[in-house]
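This report is written for a reader who is meeting the structure for the first time. Please look over the sequence and the model before reading on.

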Amino acid sequence: MHELIGDNAPSASIRHGGQVHMETRADFHTHPRSLALANMQLDSWRPRHHICTAGALLAVCLDLKSAKYSTAQNAYHAIMEAWTDPTTISTVGQMHSVISDNLVSQFEQLPGKIIYKPLIDCDVLRLQRNSLHFRNVAKDQRILFHYNGHGMPPPTNDGCFWAFKPQTRSGYVASDVVPVTAETLLSWLGSPSLYIWDCAHAMNIVHAFERHNTSREKEIARIRSIALVAQIGTLSDNYTSEQMDVACAQVAQLMTRTANSEHQNIVHANMELIKLALLPPQPCNDIHFAATQSETLPTNPELPADLFTACMTTPVKAAVRFWINRNPHATKVTLEMCDQIPGTLKDRSTPLGELCWILTAITDTIAWCTLPRSLFHKLFREDATVASLFRNFILANRILRHYNMRPQSRPAIPASHTHPLWESLDYEIDMCLKQLPRLLKEQHKRRQHEDKIKRSEEERRIRANKRKQRQSKSKSTDIEDLLDGINMLKFNGPQKIPLEIASSFNPWSSRNNRHRTNNFDSDESSSESSSDSDGAGDMRHSQYTGLVTGYVPSSFFVNQLRAFEIWLQQAAASMTLFEADQSATKLPASTSTCVPSFLEPPEQLPIMLQLILSQTHRLSVLVLLYRFVNLGPWAANMTLLVGFFTYLTKLLSSSTVEIQELSILIWARLIAIDPSLSDDLLKEDGAQCLIAYLAKASQARDLHSSEKTRMSDSIVSAYLALLSNNSDMRATVLNVERQVYALLLQAASDASPMVRREVACVIGSSVFASYMPQAIEAVARVIGKDLREHRRISLQMDSDMAIEITQEMMVRLYKILLKLSTDGHPDVALIARETCDVLQFGSSNTG
């Protein structure tokens, strides 16, 4: 561990700007006499609503029988749907099949286990039936609804979109299509839902949803006010259905009487709204993506007609084609060649997978830099499907604005089509496409070589079969000759057997030797052929490996690692100057979770989150991340907000020692500002990892001062991990607590004053503060005072509120504290002496 982050460390070490700086400034984990940082107001980084996307309806109304898809009229229109040219397909049934299969395969690239149902040229009844069925199956989970209305009239000004009448799917006229209102669709799909509107004037539909939600909220507020008059307050979620029905009936009766008294038309009460009004307010979780605001769709024949859908589902392909359309003379790559980029989207070692990885990192970083932290966490960290769609929407915003379209979303996010990181994406696409002709040529050679190997193996198999047939035929001839010789001896008596017959069954004859030799040669030839085959296989493998490694990987992530390290160096220097000014003016150390005004937040944190998935860069990322969280509570808060928590939890059980230790040290920083992490630490056996690291560090007496600092961090974090009120973990907490106390006794005699200071702080302001009655009794035993029995009983704490600790352990801890009160280091002695005075004063009063 010391070799990784010591003086002889590589470029990504914590020595420069992190290690020395950390030792000279105050530790932000604990104030010497309080745990004030543990009560800081942190930004909410945990998912509030565990909602996932369960199903998706893909409603595509193209009117494939219309004249638009005839070969005579498609030269001046964008005709491609789901990356398929419908004019190349003969029948309408085949068009439906191909487009639905391609569309489903596009949406299946989104993360999550989602059930997809394509509805090509569907009618209203089919749409209603499938919507109600999906809501019954999904229950409280999210439903994705995709609408492609390229074969329909534009949505109306009041937000109605169009669908076919039942049994009419031919070229439409005014009587063949019917409008579907936003209120109607919402009554079918329910909430929460996610909508993708790929049609002209798509925001008209979204505005209709917003108007409906506004009127609905007003009605709910009115019902809630009527319920208050009836003295029916807000009910909780755990009310039974019978209680809810009774309350709803009372409110409905009161609404009827109110309408009669005010001479209003009596309207049948909406029981669903009444239930919503009686329950606690719930935020609207519906999400909308609209291709256009008030514009029409592009008609450029070089573009797909469903350009918005292509960007939302196949971002890499859309980004590459967009780059080629803007740079037609910059490369020799055609549009057909860009569909043949080697690799898969999930394999980051291939060109296609690396491009997808870079695009994900760039769009995630753009969102991190442009969105408020709370909105970023809601949209990009709670549901993987929603996060992927919003990242793809950021790309769609850039591409569609180039063609004078303004896509919109709800919740709205700022326009980011001019962000500087798009230049990095263009550069990476350019570098990849420059290699594409050579990669495709080598791939063609590899396929030819593999075909040649297959043909040679087939020919070898045919020759072997023919050889076996000849051998079986020659054996049958030998048997016939032998039988003839036996018959001659039987009927003619002993005679001289002709030489040619005798040689047929003589084991040493040349003829039999010939067959034996053939068999042996056959074995040798088979072994030689197998060796040749193995050699060919080795050659094939070597050539295949050479062809794959012929791709030069991108340097994007390496450059981002270097940029983050430079930012850390500058931030550490700025923090040193700032803390020097604070110490000169005798101001208290800042415990704010906001980024200091003299620092620009690092843009590379989301990219580091992507890099931690790579085994190649994981260690470097953890080293830099540890340097980052050392900057202060605000840095640890940003680490949680960007989403490192899940991955750091898994890395606690890593088999690599360096990665596990770095994860422990980062956890030590995070748990200091958010004690709620103690439950997660105990669930994942992380506390045992902390104790094992602390025991290892306390036994080593010749550690570097930075190791002593990290050891003191672990002491504090190990104790904070015990501050869990979860009664289900009582046995686990008690076991961990005993181990921590034993290690505290061992660490109290450490040579480093930093470690001794942390031991005094934990024993004084943490252990004894949590178990004050036991601590006072332990002090009384040390100073020779006996407490009365009834006083001792009254001072015992409730076992449900605290964890019991033995008096022997308390006595030993207090003796250690007395020893530290006379420590030669003033900080250590001051902390221990103040705690001893408080305990002795309490003991004298209780005596």
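## Basis of the report

The model is predicted, so local features need pLDDT of at least 70 and side-chain atom pairs count only at pLDDT 80 or more, while totals for chains, interfaces and linings use all residues. Residues are numbered from 1 along each chain as its sequence is written, and side-chain values use heavy atoms, with hydrogens and water left out.

Helices (H or I, at least four residues) and strands (E, at least two) are DSSP runs, numbered from the N terminus. A residue is called buried under 20% relative accessible area, exposed over 50% and partly exposed in between, with a 1.4 Å probe and protein chains only.

## The six-stranded sheet

Strands of a sheet pair through backbone hydrogen bonds, either parallel or antiparallel. Here, two strands pair if DSSP finds at least two bridges between them. An open sheet is formed by six strands in the order β2-β1-β3-β6-β7-β8, with mixed pairing. Its edge strands, each pairing on one side only, are β2 (115–120) and β8 (408–410). From one strand to the next, the twist averages 10°; the axes are lines fitted to C-alpha atoms, for helices over the stretch in contact, and angles run from 0 to 180 degrees between N-to-C directions.

Strand β3 (residues 142–148) is mostly covered, as seven of its seven residues are buried. R142, L144, H146 and N148 point one way from β3, whereas I143, F145 and Y147 point the other way. Strand β1 (residues 53–60) runs parallel to β3 and is joined to β3 by seven bridges, with T53 opposite R142. β3 also pairs with β6 in the parallel sense, over six bridges; there, the bridge partner of I143 is S193 in β6. Strand β6 (residues 193–198) pairs in turn with strand β7 (residues 287–290), in the parallel sense over four bridges. In that pairing, I196 stands opposite F289 in β7.

## Selected helices

Nine of the 12 residues of α10 are buried, so this helix is largely enclosed by the rest of the structure. Its buried residues include P315, A318, R321 and F322. From its first C-alpha to its last, α10 reaches 16 Å, close to the 16 Å expected at 1.5 Å a residue. The expected span of a helix is 1.5 Å times one less than its number of residues.

Helix α21 (residues 633–642) is mostly covered, with 10 of its 10 residues buried; among them are W634, N637 and M638. Just after α21, G643 takes a positive phi of about 110°. Helix α23 (residues 657–673) has 17 residues and reaches 25 Å from its first C-alpha to its last, close to the 24 Å expected. In α23, 14 of the 17 residues are buried.

Most residues other than glycine have a negative phi, and most peptide bonds are trans. A cis peptide bond joins S191 and P192, with omega about 5°; P192 lies in the loop between α5 (182–189) and β6. Another cis peptide bond joins R410 and P411, with omega about 5°, and P411 is found in the loop between β8 and α15 (421–492).

D121, in the loop between β2 and α4 (124–138), has a positive phi near 50°. D121 is buried, with a relative accessible area of 1%. K139, which is not a glycine, has a positive phi of about 60° and is placed in the loop between α4 and β3. At 59% relative accessibility, K139 counts as exposed.

Rolling a probe the size of a water molecule over the atoms shows where empty space is left. On a 1 Å grid over the protein atoms alone, a cavity is a set of points where a 1.4 Å probe fits but cannot get out, and lining residues have an atom within 4 Å of a point. Grid points are joined across faces, edges and corners, and a volume is the space filled by probe spheres set on the points. The count comes to four cavities of 30 Å³ or more.

The largest cavity has a volume of about 70 Å³. Residues lining the largest cavity include W83, E302, L307, I399 and Y403. Helix α10 (residues 315–326) gives the most to this lining, with four residues. By class, the lining has eight nonpolar, one polar and two charged residues, where Ala, Val, Leu, Ile, Met, Phe, Trp, Tyr, Cys and Pro count as nonpolar, Asp, Glu, Lys and Arg as charged, and the others, Gly among them, as polar.

Terms used
1 Å grid on protein atoms, 1.4 Å probe; cavity = no way out; pocket = protein on both sides within 12 Å on 5 of 7 lines; lining within 4 Å.
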